[in-house]
Every structure is written in structure tokens, then in C-alpha cells.
Amino acid sequence: MAAEEKKKKKMSVAEILAACRKLDSKGDTASQAEQSSGKDQAAASSAKQDSASEESKPATKIPKPGSGKRPSVQEILAMARAEKQKKAAASTSAPPQPSAAKKPVAATKPTPKPQAPAPAAEKPHSSNILAAEEVERKRGPVSKSALEAKTPAKPSPTEKKPAAKAKPVVPPRPTRPPFTKPGKKPDQQRRGFLAVLGVMLGTPLGVGFTSLATTMGLWTLGTLRFMFPNVRIEPPSKFKVGFPSDYPPGYVETKFKTQYAVWIVNAEYNGQQQIAALSTVCTHLGCTPNWLEAEQKFKCPCHGSGFYINGINFEGPAPRPLERYAIRIAEDGQLEVDKSRKFQEEKGQWNDPDSFVPA
Amino acid sequence: MHGYDPAFEKAVAEFLGIYYLGLAALNAGAAYWLWQKLHKVRDAVVWLAVALGFVVLAAVSMGGAPWGLPHGLRELLNTIFTGNRGAVIFTLGSFALLVILFRFRRFFVRPRVAWTILNLSLLYLGLSMTSRPFWEIVAKPDNVPIVALAFLLGFFTWLATYKAVQNDERIKQGLPPLEKEDSEKVLVWPDLVYTELICMLALTAVLLFWAIFIKAPLEQPANRADTPNPSKAPWYFLGLQEMLVYYDPWMAGVVLPTFIILGLMAIPYIDFNKKGNGYYTIEERKFAYSMFQIGFLQLWVVLIILGTFLRGPNWNFFGPYEPWDAHKVLVLNNVNLSEYFWIDLMGMSVPEGILAREWLGIVLLIAYLFLLPPILAATIFRQFFIKMGFIRYMIMIQLLLWMLLLPIKMVLRWTINLKYIIAIPEWFFNF
């Protein structure tokens, strides 16, 4: 008995169904007719294909324990084919339910239609059935006239259709809650603050992220503070470069280049002889040009930009003249350069009297 | 040229002796290989004779008086390649050379021809080294990789072209490409891994010898007030540095490099032609091949060589054998297009308003970038436009036009000292 049970369990549901159908066909020709008739041709044909190969084996084994089982599977088919349920019930399904209770093996399968047959092999079968059902339901008329032509032809199915027809009914729209004005509940706000505090410190994760964010914030602040050191070790932005008489016309003083990055030139600009402080930063890409006394020009070694003695660019890629720094005659009569202010020629700033000292 | 310097003469003589011996060994090896493996006795004899010639050169060099290029030839090359005219001749000449190599590739890829060219160029390099200015360029530790690059690139370009020519012949005859013939699978272990191991060892050995024999090009501590003259970018950025001479920093330093990178990334999406996948071919991919080679060889490698050999102090152009004189004076007064138009052509002063002043440059640029693509689509690139579709074609043509902006501006700068096509220094917008 135990061995037989095992064998039964091994049998796939498709096999069981096939066997059942064979029994049906032997005993009940009417049900056979049902199967082949219109409704679920797809399901039936696939089932037949299955059964064709494995008819012989299960057929011999089922009968002994399966006298009660046969109708239960039949019921699966019957339920799927909803319209024919009456006929099927009349012929076979009366016995199955009691028998299902009797037999332990069959007990798992009988009443619940799709869920009970667990094995995977069953799936294609049941889905076929359901698919056929679905196809049937969808095989509705395309046009209105066709629909009218069809509806009177089927009086009996109408019993079941109402449920399907009831679906498209639009459910009543939910009533909109009354509009609430924002920011009118101080109590809730206070509670909201507590809630935020709770999120931040209530859980280990919250504590972790809060401390992480705090640390990062402090780091950022510290970095910002680092940008403004207490002591800056750099030459002062204001420095004295001697008396105007030290700079005859056409003279370029290069001795401040290393320390202050400045040339003091006495050159003509706009028809006026001016003493000016030129920046030693090339306006192309920031290299330091050299003063070439013989050629009377500043020449950059990086890309070949050239500037006249007054700082105006004339060759190479430099797009604009060298920059001037502020210069004035200090109280003691010396020239004083202020590197904190600069003047750009292309912006017309060289006309500013702070940018030069008339020579 | 510089006067007699015993230390320099000795160093050159020693180096050239070893150099020519190396070349002799190279040719002797080739001759042996031809004789033993390929059984081409006549070829083997020729290359053996060449090897013996190099041995003689080595002996002469070690004797202390290496042969150099005739003085007249050096002077001639100097006058050809000096100054702006030299740059034009060099750039257009190298382009013409590439075109000739491409056009007659079937001839130039023949192993015999290629080997001859290699020998001649190596001999030329050796003969040039007796010139001190040239020696100082070539022997500078910074520049050793550039010389190596020139020869390595030549070799690999030859290899690829050789295979492509073979494949093209086969395709013409209806045969599958060579790569398909020997597409048999090879085991990763041991075949591939052993090859990689040998390559690794060889490369490590080369690096070791390089590090031992060529001192690192360390310079004085950085000084803000003293920029080295000339101050050259790392060799792989010399093309970029050259670009910076012709366009504004934001263009040459930001926009154009971005276009290069984006354009390279876009190639697989623009070029959907499946031909040439997995095998070498030129015939089937003429446009793609030549465009890539123009971009890579002409606009990158040629500029690297230009920056190495012809650029000297103050970023002036010098001939290859010309002493680097920091006080060399070249007339380089740059003139904007607007000045050319208003002052020279119209004979009046430049107008005040920006648009009134620069309208010609703006119109030219807009026409170049937006009018040219449809015209080209209707004429030369008609087939491309139909095949690629609007968006692909537009991206391709824009990248192409932007790429060609560089040589156009370079030649304009060298020939007519054109500074900017559009010059708006007020907004820091110069083009």
C-alpha cells in the first residue's frame, strides 16, 4: 500500500488527468463529447497530446485506489468549464465529494480548484484551462451589431455574465477631505520637532548618522577656518621702490621680480610718460616672462607671448596686456606699490590716476 | 658651429660608435634571418653589406671624428625649417608625406622598402647628432621617449598598414581576411600567460637600463620668478602646448580638449560600420582610417615632433641644427581679422562697437560651423548623410570641422600673423 502511494505521488497531475480522461472515455461517452466540443479546445488538445504517450501506464494503476479520485479531477475540469457544470455534476460529480474525504491521497486535491494541485507539472494544464476560459470570455463581439447578434443566442450563459458586467461600474469618488490651512497648529509643530529629535537620536542608526553629519560639518568649518590663517608669511602688499628720479624714461627695473613679482617701468602710454608697476604674470597662462633689453620687450618662454615695454601685448597668444598694480608717491617722496589693487588695460582702468605716476 | 668642445666631441664619438655598432648588429641579424629562415641569399648578402658599412661608420666614430651631415646640407635644412615659414613647410610637408605614404602604401609596406627607410632614417639620425644643437635636443633625457616614439610609431603604423594591405588584396580576391584564417583558439595558459610574462620581463629590463643610463631630468628648485626658457610641456602634451599658442586658453585648454575626449567617446556611436571589426583593412574604411590618422599622426604626433625639434627659447621656431639663441628676433606682430578688414582693406579706423568691429569674423565662423555642414551634406558627404542620418552626420561633421579649425588657424597665424578671427577682449572672448 505504501509503495503504491509513493508511485501515485510520483505521477504527475497531467498523467492523472490523462488517466481519468481515459476512464471517462471508457465509462462516459458524454463527457468525452464535452471535452472535444468547442469550449476548451486548446486545453483538451494539449491534454490529449499528453495522454497519447502515457495513457497505458497510469491507466493500469489508477483504477484500484482511484475509484474515488477520478471524479475529483473531473471536477477540476468541470469547474473550469463553468457552463457545463450542471451536466457534469449530474453525471459524475455527485460521488466525488464524499469519496474525497475517504481517500487520504485524493484528499489533498479535491475541492479547492487551482491551489490544491501543487506539483509543477500540473501548472501548464490548469493554466491551459484557465487560458481557455479567458479566451472564451474575451472572444466577445467586436462590433455592436455583432454583440446584439450574440447576446440573444446565449440565454444560459447570461446567468454567469452579470458578475463580469458589473465590474466596469465606476466606484463612487471618495469625498475630498476638507482643506486644512497650513501652519495653524503650533502644538503639532512642537511635536514635529520632538519627532525630528527622535529620528535623529532615537535609534542607533539615527545616532550614527547624526554624529557623522555633525563631524562632517565640523570638519567643513575647520577647513574654512584654515583658509584664514592667523599669520600670513608673505611679502607685504605695500612696499616702496625708491624715488621717481631712479626711473629715467625707457627704464625697466627687474630687481623686484624675484621678491615682489613686479617690474617698475617708465614708459609711454597714451602719449604720456608714466611710471607704472607691471605684474610679472603672463596674461596667457601665468608663466613669468623675461625682460629682453636688446629687443625692448617682455617675452614669455612658455608660449611666446610678447609685450612692449609699457605692457601692451603684441605677439604670441597673450590675449590682453600685463596688469598694473597701484602705485603712488608716498609721504617721504618714494614710490609705493600696492599689490592689493590691480588695473587692467582692456577694461580702461589704466586711465585711473592710481595706476601710474606721471614721470 | 659652436667652436671646438672636446667633451662634447668625445661624448658624441663614443655614443655614435655604439649606435652604429647596434645598427650593424640589427642588419646582420636581419641578414642571418633572411638567409637561414627565408633562404633569400641575395637579400641576406645586401643587408650584410649594409651591416659592414655600419661597422665602418662605427670604427670611424670611435676613432674620434664621426662623420656628420655636410655643412651645406645642414644650413639648407636650417633655412628651410626656421621661423614661421619653416613651421608651415614642416606641417604641410609632413602632411604631404603622410598623403604620399598613404597613396603608395602598397609600395611602402614592402618589407624591403620599409627596412630601407628604417635604415636611412636611423643613419640620418646618427649623422645629425654631430651637430651640437641637434645633439642637445636628442640627447636630453626629456626627449629620449620622443625619439623612441617616432620610431615605434613608425613601426606600428607600418605593421598595421602591411596587414591592411594584405587583407585588402585578399578581400579583392574574395578571400577572408588573414585574421579569420588563423583564428584558431589559443590557450590562456600557457600560451598567453607566457607571452605576457616575457613581455613583462623585457619591459622591466628596458626600464631598468633606461633608469641606469639616462639620468632623471631634474631641474633647479621651482622659482616663481624664473620660468625655464624654453619651458616645454611633458612630451605627450606638446601638441596641447602648441594648440595654446593659436587659441585662447579657454579654447585650447578647455573646449578643444573636451571635444577631443568627447569625440573619441562618440566614435563608436557615430561609426556604425561593422567592416574592419577584428581585422586590418584600409580599402573598406578609407574615410574613417584617414580621418583618424590625420587626427592622431598629423594633429598630435607631428605637433609633438614640431614642439620638440623646432621650438626653442621664447617659443620661437628654430631650424633643427640652429643654435638656440634666446635673443633671436622674429617679426611676429599679430593682427586681428577685424584690423585686417577695417584698416588694411577699408582704409579706415576700427569702429567702436563690438558687433560693428567683429562682424566679419562672426559671420565667417557661423558660416563655417553652420552653413558648411549642409553644403557638404549636399555635395561631398552626400552618401554619408544618407547613410548616417541627420543627427549622426551633424555630430560627425561638427567634430571634423572643430578638428580642422586647429590647422587652419595655425597656418593663418604663420602666414599672415592672424591673431584672432573674433577678438572681443572686453568679454574675454577671443576666437
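**Two chains, question by question**

Visitor: Which residues in H15(B) are buried?
Guide: Helices, written H, are DSSP runs of H or I with at least four residues, strands, written E, are runs of at least two, and both are numbered from the N terminus. A residue is buried if 20 or more other C-beta atoms lie within 10 Å of its own, exposed if 12 or fewer, and partly exposed in between, with C-beta atoms placed from the backbone. In H15(B), the buried residues are Arg357(B), Glu358(B) and Gly361(B).

Visitor: What kind of model is this?
Guide: Residues are numbered from 1 along each chain as its sequence is written, while chains are lettered from A and ligands numbered from 1 in the order in which they are written. Local features need pLDDT of at least 70, side-chain atom pairs count only at pLDDT 80 or more, and totals for chains, interfaces and linings use all residues, since this is a predicted model.

Visitor: What do the buried residues of H15(B) pack against?
Guide: Contact here asks that two C-beta atoms, placed from the backbone, lie within 7 Å. The partners of H15(B) both belong to chain B: helix H14 (337-345) and strand E1 (423-424).

Visitor: How many of the 9 residues in H11(B) are buried?
Guide: H11(B) spans residues 238-246 and is mostly covered. Its buried residues include Leu238(B), Met243(B) and Tyr246(B), and they pack against H12 (249-270), H13 and H17 (390-416) of chain B. The count of buried residues in H11(B) is 8.

Visitor: Is Leu297(B) buried, partly exposed or exposed?
Guide: Leu297(B) lies in helix H13 (residues 286-309). Leaving out residues up to four places away in sequence, Leu297(B) touches Leu98(B) and Val302(B). Because Leu297(B) has 17 C-beta neighbours inside 10 Å, it counts as partly exposed.

Visitor: How far apart in space are Leu297(B) and Ser94(B)?
Guide: In sequence, Leu297(B) and Ser94(B) are 203 residues apart. From C-alpha to C-alpha, the distance between Leu297(B) and Ser94(B) is 9.5 Å.

Visitor: Why is Asn314(B) counted as buried?
Guide: Asn314(B) sits in the loop between H13 and H14 of chain B. Asn314(B) has a positive phi of about 60° although it is not a glycine. Asn314(B) is buried because the number of other C-beta atoms within 10 Å is 30.

Visitor: Turning to chain A, how many bridges join E3(A) to strand E4?
Guide: Strands pair if DSSP finds at least two bridges between them. E3(A), residues 262-269, has 7 of its 8 residues buried and pairs antiparallel with E2 (252-253) over 2 bridges. In its antiparallel pairing with E4 (272-279), Asn266(A) stands opposite Ile275(A), and the number of bridges is 8.

Visitor: Which strands of chain A are the edge strands of the sheet?
Guide: 4 strands form an open, antiparallel sheet in the order E5-E6-E7-E8 of chain A. Pairing on one side only are E5 and E8.

Visitor: How many charged residues has the side of chain A that touches chain B?
Guide: The contact takes 25 residues from chain A and 26 from chain B. H16 (257-260), E5 (290-292) and E8 (313-315) of chain A each supply at least two residues of that side. Ala, Val, Leu, Ile, Met, Phe, Trp, Tyr, Cys and Pro count as nonpolar, Asp, Glu, Lys and Arg as charged, and the others, Gly among them, as polar. That side of chain A has 10 nonpolar and 9 polar residues, and its charged residues number 6.
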